[in-house]
Amino acid sequence: MAIRSIENLKTLDLGETNAVCCPFCKKTAAMRLFENLDQSAVARFKKKRNESIAVCPQCAAVFCVNQNYVDLREQGTVCTMTPDDLTLLYPGHE
């Protein structure tokens, strides 16, 4: 018996950020930026926002990115990511 999922998730690769000091491992590197798109009917009904995450290439820690940074970047404004724009979601290895 097949079970249909109401989730319709997609992940987009948004490229690299500027060099930023990782709040977890304290090494400076350009982080990889991704955006999770929830295109399910439930998300559209609740008007849920998409979520942006950054991954440190040195320690593989995963961070949630401040929405203000993402909005400015999407508008084409030149902006610089700082450690304050990152919230730890999953710790990496040292």
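**View 1. The β3–β4 hairpin.** Strands β3 and β4 form a hairpin, with six residues between the two strands. Ala60 sits in the turn and has a positive phi of about 65°. The model shown here is predicted. β3 covers residues 51–55, and its pairing with β4 is antiparallel, over three bridges. Look across from Ala54: its bridge partner in β4 is Phe63.

**View 2. The two faces of β4.** Strand β4 spans residues 62–65, and its side chains alternate. Phe63 and Val65 point to one face and are buried. On to the next strand: β5 is made of residues 86–90 and pairs with β4 in the antiparallel sense over four bridges. Here Phe63 has Leu88 of β5 as its bridge partner.

**View 3. The whole sheet.** Five strands form an open sheet in the order β1-β2-β3-β4-β5, with antiparallel pairing. β1 (9–21) and β5 stand at the edges; each has a single partner strand, so one side of each has no neighbour in the sheet. On average, neighbouring strands are turned by 35° against each other, direction ignored. Helix α2, residues 67–74, packs on this sheet. The helix touches β1, β2, β3 and β4. The direction of α2 makes about 95° with that of β1.

**View 4. Where β2 meets β3.** Strand β2, residues 28–38, runs antiparallel to β3, and five bridges join the two. Leu33 stands opposite Ala54 in β3.

**View 5. The largest nonpolar core.** This core has 15 residues. Which of them touch the most other members? They are Cys22, Met31, Cys56, Phe63, Val65, Met81 and Leu86. β2, β4 and α2 each supply at least two residues of the core. Zoom in on Leu86. Leaving out residues up to four places away in sequence, Leu86 touches Pro23, Met31, Ala54, Phe63, Cys64, Val65 and Met81.

**View 6. Leu12 on β1.** Leu12 is found in strand β1. Is this residue buried, partly exposed or exposed? Leu12 has a relative accessible area of 38%, so it counts as partly exposed. Residues up to four places away in sequence aside, Leu12 touches Leu33, Phe34, Glu35 and Leu37. Take the pair Leu12 and Leu37: the two are 25 residues apart in sequence. In space, they are 7.7 Å apart, C-alpha to C-alpha.

Note on methods:
Residues are numbered from 1 along each chain as its sequence is written. This is a predicted model: local features need pLDDT of at least 70, side-chain atom pairs count only at pLDDT 80 or more; totals for chains, interfaces and linings use all residues. Side-chain values use heavy atoms; hydrogens and water are left out. Buried means under 20% relative accessible area, exposed over 50%, partly exposed in between (1.4 Å probe, protein chains only). Two strands pair if DSSP finds at least two bridges between them. Axes are lines fitted to C-alpha atoms, for helices over the stretch in contact, and angles run from 0 to 180 degrees between N-to-C directions. Contact means heavy atoms within 4.5 Å. A nonpolar core is a set of buried Ala, Val, Leu, Ile, Met, Phe, Trp, Tyr and Cys residues joined through side-chain atoms within 4.5 Å.
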